[in-house]
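Follow along with the structure beside you.

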There are 2 protein chains.
Amino acid sequence: MADPRKLSINQATTRAQWSLEQAIKGYARHDVRGIAVWRDKFAECGKAKAAALLKDHGMRVTGLCRGGMFPGTDPAQRQAAIDDNKRAVDEAVAIGAECLALVVGGLPGASKNIGDARKQVRDGIAAMLPYARAAKMPVAIEPLHPMYAADRACVNTMGQALDLCDELGPGLGVAVDVYHVWWDPELERQIARAGRRILAFHICDWLVPTRDLLLDRGMMGDGVIDIAKIRGWVEAAGYRGFHEVEIFSAENWWKRDPDEVVKTCIARSIEFA
Amino acid sequence: MADPRKLSINQATTRAQWSLEQAIKGYARHDVRGIAVWRDKFAECGKAKAAALLKDHGMRVTGLCRGGMFPGTDPAQRQAAIDDNKRAVDEAVAIGAECLALVVGGLPGASKNIGDARKQVRDGIAAMLPYARAAKMPVAIEPLHPMYAADRACVNTMGQALDLCDELGPGLGVAVDVYHVWWDPELERQIARAGRRILAFHICDWLVPTRDLLLDRGMMGDGVIDIAKIRGWVEAAGYRGFHEVEIFSAENWWKRDPDEVVKTCIARSIEFA
């Protein structure tokens, strides 16, 4: 059983219903003390107000979403991405986030060269990492499910993310999201390899059938992922942080009363995570 | 450029429009000399008639689809799957197929234990393989994209399929379908490792966006896969067989004039494969 005091909710889970202010107050109302924040919602709220709200409600920020999107069709586009990642580091610092999560980006433009996109990702992270190190902001590469390899992230396994960590060094770690990695036959071994480089642990569930590649994630317990088993591996690797619920669900959870969503996150994380 | 004399079409590509008889005649009419056959269409046609049609039109059968689906909720269900795979071997022999393709199956019943499902797959293949060997019918494990891990196939990478080949020995190989494996950072290395164990090479394309997990595959050239590069790796590994177009496309290619589909397969495989 997951420790309910370590529950965080990624505000994407209620993004259709709540602003950042509403999410902070709403999660806190149900005694949830962790939140992952999205940059657009943060900008909308304003830095000073967001910081005050988080402090007043005793919320930990388990991550800022998101940096990344490094590949570009020309050097100017790639430099713009690096600059944006530096701004994301600043925002993560401003909000007191425990890490900046990276969704690294997919194939730029009309490219079919995934090997080259992966090199661009490596180069992009290498270029922004010194800035993050100087700001003492840990950077978490989030490997995304292979079905997003073309358009969202060409880092698709834990092994690949950890190879980047090995190559690029301190300040870099991984975000383990069960949705993206549950299928990987290497998962247990790669989580052990990650060790203390696990900077975040995200939970939700894989529905059968899955009706949409992006917006049909399931609530814990409604799908096929053995979340508790994966949590056990993550904890065995030394992870002691929050477990963060992140559910993109256009046709279900985004249409429900957000207080019901939060209550369900709590109950299901106790039962299934 | 792919050699057009080595083009095969998997009859799934025109399954909404054509019976097996129509597909054999239709493909041959456009001088395509390879076909992959589905068991339901084969049964509908009848063994003797199918064999005669294939012979009369000089068609090579690049694969029978499909065996597999090994995991089951109890021993009786798993034995039924093994028995069905033996029948599939008989059918593959009857039709002169170059291999029997396996879609190995996913999580049985309400199981969340993908490790156990993978063991059941190994045990199922081990149980049917002696029968296939005796019949001299090569068996091709087809790793399926990780998005099918729950409901179709829990063998999701070339590396995993080749581990099974290493363990279970002669008579077993792999089917490389670019749709399933194009994203894999290990792909080039695993194709080289496969060597002559590559029994089939399937082509189509990954569309951006992909609107349906199962039935929205693209025609070569309409997506992001560098098919020619992967074909080069497969040929460097020693593969000299056909390249087989397999497109599940409920909303596009299955709604078109099948002669147009065949002509497009030919033109696009020359240009993009």
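**Entry 1: around helix α6 of chain B.** I began with what the buried residues of α6(B) pack against: α5 (114-134), β5 (139-141), β6 (172-177), α7 (178-181) and α8 (187-194), in chain B as well. A reminder to myself: this is a predicted model. Next I looked up which residues of α6(B), which runs over residues 158-168, are buried. I wrote down B:Met158, B:Gln160, B:Ala161, B:Leu162, B:Leu164 and B:Cys165. After the helix comes B:Gly169, and I noted that its phi is positive, near 90°.

**Entry 2: chain A as a whole.** I found ten helices and eight strands in chain A. Its radius of gyration is 17 Å, close to the 19 Å that the globule rule gives for 273 residues, so chain A is as compact as a globular protein of that length. I also noted the span of the C-alpha trace along its principal axes, about 45 × 45 × 35 Å. Of the 273 residues in chain A, 53% are buried. Then I turned to contacts with a separation of 6 or more: in chain A, 79% of them join residues 24 or more positions apart.

**Entry 3: strand β3 of chain A.** Is this strand enclosed or open? I found that eight of the nine residues of β3(A), residues 60-68, are buried, so the strand is largely enclosed by the rest of the structure. I then looked for its partners. Strand β2(A), residues 34-38, pairs with β3(A) in the parallel sense over five bridges, and here A:Ile35 stands opposite A:Val61. Strand β4(A), residues 100-103, also pairs with β3(A) in the parallel sense, over four bridges. In that pairing I see A:Leu64 opposite A:Leu100.

**Entry 4: the nonpolar core.** A general point I keep in mind is that nonpolar side chains tend to be buried together in soluble globular proteins. Here the largest nonpolar core has 187 residues. Which residues have the most contacts inside it? I listed A:Leu100, A:Ala140 and A:Val174, together with B:Leu100, B:Ala140 and B:Val174.

**Entry 5: one lysine in chain B.** I found B:Lys6 in the segment before β1 (7-10) of chain B. Is B:Lys6 buried, exposed or partly exposed? I counted 18 other C-beta atoms within 10 Å; a residue needs 20 or more to be buried and 12 or fewer to be exposed, so B:Lys6 is partly exposed. Not counting residues up to four places away in sequence, B:Lys6 touches B:Phe242 and B:His243. I also noted that B:Lys6 and B:Val32 are 26 residues apart in sequence and 8.2 Å apart in space, C-alpha to C-alpha.

**Entry 6: how the two chains meet.** How many residues does each chain bring to the contact? I noted 22 residues from chain A and 22 residues from chain B. On the side of chain A that touches chain B, 13 are nonpolar, six polar and three charged. I then checked how the copies are related: a rotation of 180° with 0.0 Å of shift along its axis superposes chain A on chain B, with an RMSD of 0.0 Å. The two copies are thus related as by a two-fold rotation axis. Finally, 100% of the interface residues of chain A are also interface residues in chain B, so the copies meet through the same surface.

Methods. Residues numbered from 1 in each chain as written. Chains lettered and ligands numbered in written order. Predicted model: local features only at pLDDT ≥ 70, side-chain atom pairs only at ≥ 80, totals over all residues. Helix = DSSP H or I, 4+ residues; strand = E, 2+ residues; numbered from the N terminus. Contact = placed C-beta atoms within 7 Å. Nonpolar A, V, L, I, M, F, W, Y, C, P; charged D, E, K, R; others polar. Rg over C-alpha atoms; globule rule 2.2 N^0.38 Å. Core = buried A, V, L, I, M, F, W, Y, C linked by C-beta atoms within 7 Å. Least-squares fit on C-alpha atoms with pLDDT ≥ 70 in both. Pairing = 2+ DSSP bridges.
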